[in-house]
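Subject: Structure handover

Hello,

Here is the structure for your set-up work. My notes on what turned up follow below it.

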Amino acid sequence: WLKFALFLLLVDSPHYPLPPSLCIIMAPAKRTAPAKTSGKAKAAKTEPELALLKELRGGLTAGSLEMLTAAVPHVLSTPAEDRHKFQQTVIDSLADVVGKERDLRKQRLAESVAALANHQIEVSTSRESKASLQAKEEAAEAEKNTVEEKLRVATKFYEETVKESEVTAAAVPEAEKELEGCKTKVQEHENMISDVWAKLKEGFAKKDWRLREKAIKQVVTSLGAEPAAPASLLAALPHALKDAAADRSSFGQKCVEEAERLLEEQTQTLITAVEARAAKVSEAKSEAEAAALKAKEAQSKRDAALDASIAAENEWLAAEEARKAKDKFIERASTIEQTLEVARKENEDSLMDLDKAEKEWLQLLDPPKQVANSDTPADSEIATAAAAAAAAAA
């Protein structure tokens, strides 16, 4: 191409005149005598060459396209056997460009055909896998519902165990309070026997009658508790306790002995109540610990059900998203296929246009020779005259 550009500069230079045989390739239009042809004939001659250059426009630079547009008419106007090496260079260069352009268009056509085929395969596969995706989504949704039901049951059981744990835990202080109350009663009862009852058995001095009456009332009140003394004893005991121990009658002494026996029996009853309350406290603590452990286990099961529910929901969402994406692709498949088919048709037409333009170009480069018919000698003479006129014009 550098040689060709230098040649173009030499054509218009007055300092380097070239022989007429070389000037044919790029003779300016103003120096060439116009051919004696009609406008339609001239258009018919130059149209194929311009059609090929038009097809090659995308693969040539602007300068190359301009030089070829100017040089091609001169190449065609020279018979094949008379063309010099510069004209042959133009032909060879053009053939090389055509070959590369053809390879490029074949590649584009093959890629568009492959893209269309791959798309059709993908659409077919998508339609086949849609049912599988739908089934997978339904299975994931069913699993999600099952796991959510398990979570609901586990949560309800956990809440119930928490309430039960709270109730049993609250029962422990109440039982301990009752135990302390029983212990206090035992202590008070024993103190009353060791102090008040002992003084009453010995007898108060007559001057301390107020203290004696108060002590008698305290003992009678205590004997009235469970297990309660007989009413007859409660009625007779105050009279027996008013006398000193030495002054009591045999009946009074028996009243005192029976009262003392009942007081000891009450002490044993209170001690038994303390033991029962202690057992109740121990039982309440065991129940509270068991309820707390049960609530903790229920919480672990609830947490595991919650994790399973989250995993099942995520799996269902993923299956739903995959199914929706496949549906969306299938919906757009027709439009995509039309677009790919248009691209394939355009590439096919482009390759056919290039082949057509090249065929016409090759016919211009080497037109088929017409064989003279013996029946029409005038045709041979006309052809000879036309060739001579063309040579003279060149």
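A definition to begin with: buried means under 20% relative accessible area, exposed means over 50%, and partly exposed lies in between (1.4 Å probe, protein chains only). This is a predicted model, where local features need pLDDT of at least 70, side-chain atom pairs count only at pLDDT 80 or more, and totals for chains, interfaces and linings use all residues. Residues are numbered from 1 along each chain as its sequence is written, and side-chain values use heavy atoms, with hydrogens and water left out.

Overall make-up

The protein chain has nine helices and zero strands. Both are DSSP runs numbered from the N terminus: helices are H or I with at least four residues, strands are E with at least two. Of the chain's 394 residues, 29% count as buried. The exposed surface comes to about 25700 Å², and carbon and sulfur atoms supply 57% of it. Those areas come from the Shrake-Rupley method with a 1.4 Å probe; for residues, only the protein chains shown count as cover. A contact means heavy atoms within 4.5 Å. Among contacts with a separation of 6 or more in the protein chain, 78% join residues 24 or more positions apart.

Helix H4

H4 covers residues 62-76. Its 15 residues reach 22 Å from first C-alpha to last, close to the 21 Å expected at 1.5 Å a residue. The expected span is 1.5 Å times one less than the number of residues. H4 bends by about 25° at Ala70, and Pro73 follows within four residues. A bend is the angle between axes fitted to the seven residues ending at a position and the seven starting there. Buried residues of H4 include Ser64, Leu65, Met67, Leu68 and His74.

H8 has 116 residues and should span 172 Å at 1.5 Å a residue; its end C-alpha atoms are 167 Å apart, which agrees. A kink of about 45° in H8 is centred on Ala333.

Two long-range pairs deserve a look. Gln120 sits in helix H5 and is partly exposed at 38% relative accessibility. Gln120 and Ser334 are 214 residues apart in sequence, yet 9.7 Å apart in space, C-alpha to C-alpha. Glu149 is also found in H5, and its relative accessible area of 38% makes it partly exposed. Glu149 and Ala305 are 156 residues apart in sequence and 9.3 Å apart in space, again C-alpha to C-alpha.

Nonpolar cores

A nonpolar core is a set of buried Ala, Val, Leu, Ile, Met, Phe, Trp, Tyr and Cys residues joined through side-chain atoms within 4.5 Å. The largest one has 21 residues, of which Trp197, Leu200, Val219, Leu223 and Leu237 touch the most other members. Helices H5 (85-202), H6 (209-223), H7 (231-242) and H8 (250-365) each supply at least two residues of this core. Beyond its neighbours within four places in sequence, Leu223 has contacts that include Ala228, Leu234, Leu262 and Gln266. A second, separate core holds 18 residues, among them Leu52, Leu53, Leu354 and Trp361.

Cysteines

How many disulfides are there in the whole structure? The search finds zero, with a disulfide taken as a pair of cysteine sulfur atoms within 2.5 Å. Cys182 counts as buried at 11% relative accessibility. Cys255 counts as buried at 6%.

Best wishes
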